[in-house]
Amino acid sequence: MHNDAWLVSRAALLGDKKAFCRLVEAYQSPIRRLFYHLTGDEELSKDLAQDTFIKVWINIGSFRAAAKFSTWLYRIAYNVFHDHGRTTMQKAVTEVEKLSNKMKTDTSGKDFGIDFEHALRVLKDEERVAMLLFYMEDQTVVTISKMMNCPANTVKSYLHRGREKISKYFNHYE
């Protein structure tokens with residue numbers, strides 16, 4: 001975004017809350033959108049975004065301009081999601097499995113509202129994050145690899161596996 005380096009330096013070196021607020025205003029919507037696509041829960045996405053920006057404020061002094069601020073921010077967001085996911089993602093997977101089992105046993109032809117949000121829930125966390133960053137946030141594989149702290153080829157594998165799983169998911173319910 002425009003003038004990120006100046007805003008970051010003001011916030012980090014001087015504790016300038018107005019500069020930090022401008023960073024939050026610039027990135028709040030994309031971060032919330034990412035969390036919404038990851039969780040499907042608007043309130044939770046707001047909470048996770050808030051947690052992300054609190055961690056950014058606490059750690060902004062450790063930001064080094066070796067990467068773009070947005071890359072560093074998304075890395076923190078990924079960590080917040082990953083930490084949250086350790087305790088709650090199994091619950092979501094169980095719900096999707098129940099839906100999947102119900103759909104396999106019900107042959108009445110009802111429309112169960114299968115959509116992309118449900119399909120995303122069958123992916124592993126890493127696959128889901130990579131897919132959303134790549135397709136919804138238009139991030140490059142290299143940028144995603146920095147955000148997720150893994151090699152670019154690993155991100156490519158996540159994307160490949162994610163596309164395969166989603167394709168199988170939709171083909172199974174055609």
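## Phe35 in helix 2

In this predicted model, Phe35 has a relative accessibility of 0% and therefore counts as buried, the cut-off for that class being under 20%. Phe35 belongs to helix 2, and once its neighbours within four places in sequence are set aside, the residues in contact with Phe35 are Gly40, Ser45, Leu48, Ala49, Thr52, Ala77, Val80 and Phe81.

## Helix 2 against helix 3

Phe35 is also among the residues through which helix 2 meets helix 3. The axes of helix 2, which covers residues 17-39, and of helix 3, which covers residues 42-59, come within 8 Å of each other and cross at roughly 140 degrees. The crossing in which helix 2 passes helix 3 is right-handed.

On the side of helix 2, the contact is made by Lys17, Phe20, Val24, Tyr27, Gln28, Ile31, Arg32, Phe35, Tyr36 and Thr39, and on the side of helix 3 by Glu42, Leu44, Ser45, Lys46, Leu48, Ala49, Thr52, Phe53, Val56 and Trp57. Sorted by class, the residues of this contact comprise twelve nonpolar, four polar and four charged.

## Val24 in helix 2

Val24 is another residue of helix 2 that takes part in the contact with helix 3. Its relative accessible area is 15%, and since buried means under 20%, Val24 is classed as buried. Val24 and Gln50 lie 26 residues apart in sequence, while the distance between them in space, taken from C-alpha to C-alpha, is 9.6 Å.

## Helix 2 against helix 6

Helix 2 also packs with helix 6, at an angle of about 135 degrees and with the two axes 10 Å apart. That angle makes helix 2 oblique to helix 6, and the crossing in which helix 2 passes helix 6 is right-handed.

The residues that meet here are Leu34, His37 and Leu38 from helix 2, and Arg128, Val129, Leu132, Leu133 and Met136 from helix 6. By class, this contact contains six nonpolar residues, one polar residue and one charged residue.

Gln139 sits in the loop between helix 6, residues 125-136, and helix 7, residues 141-148. Although Gln139 is in a loop, its relative accessible area is 18%, so this residue counts as buried under the 20% cut-off. Not counting residues up to four places away in sequence, Gln139 touches Tyr74, Leu133, Phe134, Ile144 and Met147. Of these partners, Leu133 also takes part in the contact of helix 6 with helix 2.

## The chain as a whole

The protein chain contains eight helices and zero strands, and from the N terminus on its elements run α-α-α-α-α-α-α-α. Of its 174 residues, 41% count as buried, a class that includes Phe35, Val24 and Gln139.

Among the contacts in the chain with a separation of 6 or more, residues 24 or more positions apart account for 65%. The chain exposes about 10100 Å², and carbon and sulfur atoms supply 51% of that area.

Technical notes:
Residues are numbered from 1 along each chain as its sequence is written. This is a predicted model: local features need pLDDT of at least 70, side-chain atom pairs count only at pLDDT 80 or more; totals for chains, interfaces and linings use all residues. Side-chain values use heavy atoms; hydrogens and water are left out. Helices (H or I, at least four residues) and strands (E, at least two) are DSSP runs, numbered from the N terminus. Buried means under 20% relative accessible area, exposed over 50%, partly exposed in between (1.4 Å probe, protein chains only). Contact means heavy atoms within 4.5 Å. Accessible areas come from the Shrake-Rupley method with a 1.4 Å probe; for residues, only the protein chains shown count as cover. Axes are lines fitted to C-alpha atoms, for helices over the stretch in contact, and angles run from 0 to 180 degrees between N-to-C directions. A crossing is left-handed if the near helix is turned anticlockwise from the far one by less than a right angle, and right-handed if clockwise. Ala, Val, Leu, Ile, Met, Phe, Trp, Tyr, Cys and Pro count as nonpolar, Asp, Glu, Lys and Arg as charged, and the others, Gly among them, as polar. Angles under 35 degrees count as roughly parallel, over 145 as roughly antiparallel, 65 to 115 as roughly perpendicular and the rest as oblique.
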